[in-house]
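Please look over the sequence and the structure before reading on.

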Amino acid sequence: ERMQVALSSCGEPTRFMRTEMARMQKLRGRLREEQRAKGEQEKKEATAEVLRGTGLKLSETSASPAALQKVDRTLAKGYVKEVDLSYWAKNWLSDHLVKMRHENDGVKVTVKSLDVPKSEIHASVKLKNGKRALFFDLSLMMNWEAHSPDGEMQGVFRLYNVGQDTKYDPGGDKETSWMYELGFPQQFYNRCPPWAEQIKEEAAELFHCTAEVLDKWVKALKAKAEASAF
């Protein structure tokens, strides 16, 4: 009886039936997309889990097998040697992040400093069984200021969850992607003048600007790691 109601006298689907068929088709498409996205997310998390434990692979060490065996005998099982590159990493980031500028539609945003005491910067090369790997973990706090024709503002920008197992992926999840927070004076939290809203919008572009700097930092860090003493 339902099918008889849904069909016209000549056996063609009614408008209701066509609508339902279109709705079901969209639903199936959405479910397929959700399944695809879930599969991709699971792959990302699996890759991140591996990198979290193994680090970024570097070229084979130039140390002789005999030298490596000697190290193996004198140190505990596990990672047999480590070179800390955190000091170098802090200096590189301090020098390059303060050069960041973003300018658009009359608004200029400038990073004034890297707040090292409020940042966490760790980088090291570890050697195990003749194989080297690079590990790093960053949480950066920066101070910024912005100017527009109608006003100015100062604030902070925090970038975190940065490591060899995560990447720049706007809109990504915290398990596999970099995250950021934008801070500004309390009087600009809620409704504020158009110029202030514009500054906040442009200041958020520091996420992209910082990502470009960190891409260069990772390359420089890998080069530094490749040149490490073992």
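Is lysine 219 buried or exposed? Lysine 219 is exposed, with a relative accessible area of 56%, where exposed means over 50%, buried means under 20%, and partly exposed lies in between (1.4 Å probe, protein chains only).

## Basis of the model

This is a predicted model, in which local features need pLDDT of at least 70 and side-chain atom pairs count only at pLDDT 80 or more, while totals for chains, interfaces and linings use all residues. Residues are numbered from 1 along each chain as its sequence is written, and side-chain values use heavy atoms, with hydrogens and water left out.

## Pairs within a helix

The whole structure holds 5 salt bridges, a salt bridge being a side-chain nitrogen of Lys or Arg within 4 Å of a carboxyl oxygen of Asp or Glu. One of them joins lysine 219 to aspartate 215, at 3.6 Å from N to O. These two residues are 4 apart in helix α6 (residues 206-226), which separates them by about one helical turn; helices (H or I, at least four residues) and strands (E, at least two) are DSSP runs, numbered from the N terminus. Aspartate 215 is partly exposed, at 42%.

In helix α5 (residues 194-203), lysine 200 and glutamate 197 are 3 residues apart, and their closest N and O atoms lie 3.7 Å from each other in a salt bridge. Lysine 200 is buried, at 10%, whereas glutamate 197 is partly exposed, at 34%.

Lysine 112 is partly exposed, at 47%, while glutamate 145 is buried, at 19%.
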